[in-house]
Amino acid sequence: MLVPRVSAVSHPRSPHLMCVFFTLRGCLFTGSIVVLVYLVAFCCVVGLSVGQILFKVSSAAMVSSGSFFSPKALLPLFIAMCLYGVITLVWVWVLQRVELGRVYPLMALAFVLVPLGTHFIFNERFHTQYFVGVGVIIVGIVIAIRS
């Protein structure tokens, strides 16, 4: 099993600069492994957001082709489902290392990332209220994670 090992390693020229090393057995670095776990959790949120956008791509292809079985519709749907499966396994890894209540607020970032993605990919437009809501979500995430 790939289990992270925690160990302190200083840079030879600066005793205060800590290095990050990746080995076959896992991650070897100083400080808390929680930082790595939160980074992986953020990657899960990004992956889920990409999956949502792929679902939209698939649904648009279904509408344009008039068929659920169109290759243009099935390919993004299949990729999104595979991505969701992998993300689920990675999320379980995250939950083995940190409390759900501490990491779950990051999932709210999907409410920011998905609409931003649809803005750039599908040219969707948003009103000022949307941006106020995004600001509230981000402030809420910061408060929840720092508590």
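Helix 1 and helix 2 are roughly antiparallel to each other, in a model that is predicted. Helix 1 covers residues 34-65 and helix 2 covers residues 71-95; they pack at an angle of about 160°, with their axes 8 Å apart. Angles over 145 degrees count as roughly antiparallel, and the pair therefore falls in that class. The crossing of the two helices, helix 1 and helix 2, is left-handed. Sorted by class, the residues in the contact of helix 1 with helix 2 are 26 nonpolar, four polar and one charged.

**Overall make-up**

The protein contains five helices and three strands. Read from the N terminus, the order of its elements is β-β-β-α-α-α-α-α. The protein has 147 residues, and buried residues make up 29% of them. Among contacts in the protein with a separation of 6 or more, 54% are between residues 24 or more positions apart.

**Helix 2**

Helix 2 is 25 residues in length, and from its first C-alpha to its last it reaches 36 Å, close to the 36 Å expected at 1.5 Å a residue. Its buried residues are A73, P76, L77, A80, I87, W91 and V94. An α-helix has 3.6 residues a turn, so residues three or four places apart point the same way. The partners against which the buried residues of helix 2 pack are helix 1 and helix 3, the latter at 100-103.

**Helix 4 and helix 5**

A further packed pair is formed by helix 4 and helix 5, at an angle of about 145° and with axes 9 Å apart. Helix 4 contributes F111, V112, P115 and L116 to this contact, and helix 5 contributes Y130, V134, I137 and I138. By class, the residues of the contact of helix 4 with helix 5 are eight nonpolar, no polar and no charged.

Two packed helices are described by the angle between their axes and the distance between the axes. The table lists these values for both pairs described here.

| Helix pair | Angle | Axis distance |
|---|---|---|
| Helix 1 and helix 2 | about 160° | 8 Å |
| Helix 4 and helix 5 | about 145° | 9 Å |

**The loop between helix 4 and helix 5**

Helix 4 spans 110-122 and helix 5 spans 128-146, and N123 lies in the loop between them. N123 is not a glycine, yet it has a positive phi of about 60°. The relative accessibility of N123 is 48%, and N123 therefore counts as partly exposed.

How values were computed. Residues are numbered from 1 along each chain as its sequence is written. This is a predicted model: local features need pLDDT of at least 70, side-chain atom pairs count only at pLDDT 80 or more; totals for chains, interfaces and linings use all residues. Side-chain values use heavy atoms; hydrogens and water are left out. Axes are lines fitted to C-alpha atoms, for helices over the stretch in contact, and angles run from 0 to 180 degrees between N-to-C directions. Helices (H or I, at least four residues) and strands (E, at least two) are DSSP runs, numbered from the N terminus. Angles under 35 degrees count as roughly parallel, over 145 as roughly antiparallel, 65 to 115 as roughly perpendicular and the rest as oblique. A crossing is left-handed if the near helix is turned anticlockwise from the far one by less than a right angle, and right-handed if clockwise. Ala, Val, Leu, Ile, Met, Phe, Trp, Tyr, Cys and Pro count as nonpolar, Asp, Glu, Lys and Arg as charged, and the others, Gly among them, as polar. The expected span of a helix is 1.5 Å times one less than its number of residues. Buried means under 20% relative accessible area, exposed over 50%, partly exposed in between (1.4 Å probe, protein chains only). Contact means heavy atoms within 4.5 Å.
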